[in-house]
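Hi everyone, thanks for coming. I'd like to walk you through one structure today, so please have a look at it while I talk.

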Amino acid sequence: MRFIPIVASAGITGFESPAAEYLQLGLSLDEMLVQHPSSTFIGLAQGESMQGVGIFDGDLLIVDRHETAKSGDVIVANFNGEFVCKILDLQRRMLVSSHEQHLPVTICDYDDFSIEGVVLRSIRCHRQSPMFVSHQG
């Protein structure tokens, strides 16, 4: 994979051809993004509740089941049969959104709750991949 070291602002008016100089590196996106391959899965974010931490509707979430969730981590959890992506607050036993219009949810003893993994990375696709197109009828 070629790594092209360019710095470009959003208001690009022109820059030297990135093909003029590049570094040939042995880069693997798997190695860069996944720490524990056998315990990692990719999820698809839905909704706007996590925009405050940079996770937007349609983003890919790289979720690691090997990592132990700590307070303040962004996690994917099964909460009463629904998969959710939230910030974990262990002290207050809450699932917190990063969008002010979404209230925190208390995790009660009677809730069916399990942490599925810690979100280590998110990826924003600027052009939808055919792999992630919903096949609804």
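Let's start with Ser 49, whose side chain makes a polar contact with the side chain of Lys 86, at 2.9 Å. By polar contact I mean a pair of N or O atoms within 3.5 Å, where within protein one must be able to donate a hydrogen and the other to accept it, and residues adjacent in sequence count only if both atoms are side-chain atoms.

Quick word on where this comes from: it's a predicted model, so local features need pLDDT of at least 70 and side-chain atom pairs count only at pLDDT 80 or more, while totals for chains, interfaces and linings use all residues. Residues are numbered from 1 along each chain as its sequence is written, and side-chain values use heavy atoms, with hydrogens and water left out.

Back to Ser 49. You'll find Ser 49 in the loop between strand E3 (40-44) and E4; strands (E, at least two residues) are DSSP runs, numbered from the N terminus. Is Ser 49 buried or exposed? Ser 49 counts as buried, at 11% relative accessibility. Buried means under 20% relative accessible area, exposed over 50%, and partly exposed in between, with a 1.4 Å probe and protein chains only. Setting aside neighbours within four places in sequence, Ser 49 is in contact (heavy atoms within 4.5 Å) with residues including Cys 85, Ser 97 and His 99.

Now the sheet. Seven strands form an open sheet in the order E3-E4-E9-E5-E6-E7-E8, with antiparallel pairing. Two strands pair if DSSP finds at least two bridges between them. E3 and strand E8 (105-106) stand at the edges with a single partner strand each, so one side of each has no neighbour in the sheet. E4 and E9 are joined by five bridges, and Leu 61 has Ser 122 in E9 as its bridge partner.

Which residues of E5 are buried on its two faces? On one side Val 74, Val 76 and Asn 78 are buried, and on the other Ile 75, Ala 77 and Phe 79. That's six of the six residues of E5, so the strand is largely enclosed by the rest of the structure.

What about the core? The largest nonpolar core has twelve residues, among them Leu 61, Val 76, Cys 85 and Val 119. A nonpolar core here is a set of buried Ala, Val, Leu, Ile, Met, Phe, Trp, Tyr and Cys residues joined through side-chain atoms within 4.5 Å. A second, separate core of nine residues includes Phe 79 and Ile 107.

Last topic: aromatics. Searching the whole structure finds one aromatic pair. Phe 79 and Phe 113 sit edge-to-face, 6.4 Å centre to centre with 70 degrees between the planes. Rings of Phe, Tyr and Trp (its six-membered ring) pair if their centres lie within 6.5 Å; planes under 30 degrees apart count as stacked, over 60 as edge-to-face and the rest as tilted. Phe 79 lies in strand E5 and Phe 113 in strand E9, so the pair ties together parts 34 residues apart in sequence. Phe 79 is buried at 14% relative accessible area, whereas Phe 113 is partly exposed at 25%.

Key. Helices (H or I, at least four residues) and strands (E, at least two) are DSSP runs, numbered from the N terminus.
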